[in-house]
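Here is a note to read alongside the model. Please keep the sequence and the 3D view open while going through the points.

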Amino acid sequence: MTTETNSVLNSVKEAFAPVTEAFTKLQNLEVPEAAREFVKKQAEAAKTRAADAYAGSEKVTNVIESAVAGSVTEAGKISRNIQQAIYEDAEAFFSGIDKLASAKSISEAVEIQSSLLRARGEVFVSRAKATTEYLGKLVTDGAKTAQDNFAKVYGKTA
C-alpha cells in the first residue's frame, strides 16, 4: 500500500511539475527597463500635479480664512489638515508606485507592497489618534467658551 501511495504521489508531482516550474520562473520574471522608466515618469508627473493642486488649495484656504473670522479659522485649520493629509497620501502613493516600478521581480514587488501597506497603516493609526485628541480639545474649549458666555450673561442680570 505504501508503494501505491508513493506511486500516486510521484504521478501527481510529475503532472504538476510544469506548473511548478512556470510559477518559479514567473516569480523571477524581469520587468523591462523601459516599462519601469515609463511608470517612474508618470508617477513623477502625477506628483507634480498633486503638488500644484495642493498649492492651489492652500491659496483658497488662505482667502477663506482672511474673509471670515472666529470659528471659520478653526474650520480653516481642519481644512488645511485634511488637505495636508490628502497631499501626503498622494505623495506616498506616487512614491510607492515609483518604488514598485523599480522592482525587478514579482517577489520583490510583493515585498515592497507589503512594506508600503504597513507604513500606511501606521500613518492611519497616528492620524486617528491625533484627530481624537484634537476633537476632544475642541469640545473642551467649546464647552468652556459656552460656560464663560453663560456666566457673563447671567452675571449681568443677577
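1. Start with leucine 138, which is partly exposed, with a relative accessible area of 28%. This residue lies in helix H4, residues 106-157. Leaving out residues up to four places away in sequence, leucine 138 touches Glu74 and Ile78. Glutamate 74 is 64 residues away from leucine 138 along the chain, yet their C-alpha atoms are separated by 9.2 Å.

2. A word on confidence before going further. The model is predicted. Its mean pLDDT is 77, and 78% of the residues reach 70 or more.

3. Next, the aromatic rings. The count comes to 2 aromatic pairs. In one of them, tyrosine 54 and tyrosine 87 are stacked, with 4.6 Å from centre to centre and 20° between the planes. Tyrosine 54 belongs to helix H2 (residues 33-67) and tyrosine 87 to helix H3, so this pair ties together parts that are 33 residues apart in sequence. Both tyrosine 54 and tyrosine 87 are buried.

4. Phenylalanine 93 and phenylalanine 94 also pair through their rings. The ring centres are 5.3 Å apart and the planes meet at 70°; an angle over 60 degrees counts as edge-to-face, so that is the label for this pair. Are these two residues buried or exposed? Phenylalanine 93 is exposed, because its relative accessibility is 51% and the cut-off for exposed is over 50%. Phenylalanine 94 is buried, with a relative accessible area of 16%.

5. Setting aside neighbours within four places in sequence, phenylalanine 94 is in contact with Ala43, Ala46, Lys47 and Ala50.

6. Glutamine 83 is a polar residue to look at in helix H3. Is glutamine 83 buried or exposed? It is buried, because its relative accessible area is 16% and buried means under 20%. The side chain of glutamine 83 makes a polar contact of 3.4 Å with the side chain of serine 57. Beyond residues up to four places away in sequence, glutamine 83 touches Tyr54, Ser57, Glu58 and Thr61. Tyr54 in that list is the residue that stacks with tyrosine 87.

7. Now the charged side chains. Side chains of opposite charge can pair when their charged atoms come close. How many salt bridges are found in the whole structure? The search gives 4. One of them joins arginine 80 and glutamate 58, at 3.1 Å from N to O. Arginine 80 is in helix H3 and glutamate 58 in helix H2, so the bridge ties together parts that are 22 residues apart in sequence. Arginine 80 is partly exposed, at 23% relative accessible area, while glutamate 58 counts as buried at 17%.

8. Arginine 127 deserves a separate look. Its side chain meets that of glutamate 88 in a salt bridge, again given as N to O, at 3.1 Å. Arginine 127 lies in helix H4 and glutamate 88 in helix H3, so this pair ties together parts that are 39 residues apart in sequence. Arginine 127 counts as partly exposed at 24% relative accessibility, and glutamate 88 is partly exposed with 35%.

9. Arginine 127 also forms a salt bridge with aspartate 89, where the closest N and O atoms are 2.9 Å apart. That pair links distant parts of the chain, with aspartate 89 in helix H3 and arginine 127 in helix H4, 38 residues apart. At 30% relative accessibility, aspartate 89 counts as partly exposed. Which residues does the network of salt bridges link? Glu88, Asp89, Arg120 and Arg127.

How values were computed:
Residues numbered from 1 in each chain as written. Predicted model: local features only at pLDDT ≥ 70, side-chain atom pairs only at ≥ 80, totals over all residues. Heavy atoms only, no water. pLDDT = per-residue confidence, 0-100. Phe/Tyr/Trp six-rings, centres within 6.5 Å; stacked < 30°, edge-to-face > 60°. Helix = DSSP H or I, 4+ residues; strand = E, 2+ residues; numbered from the N terminus. Buried < 20%, exposed > 50% of the residue type's maximum accessible area, 1.4 Å probe, protein only. Polar contact = N/O pair within 3.5 Å; in protein donor to acceptor, adjacent residues only side chain to side chain. Contact = heavy atoms within 4.5 Å.
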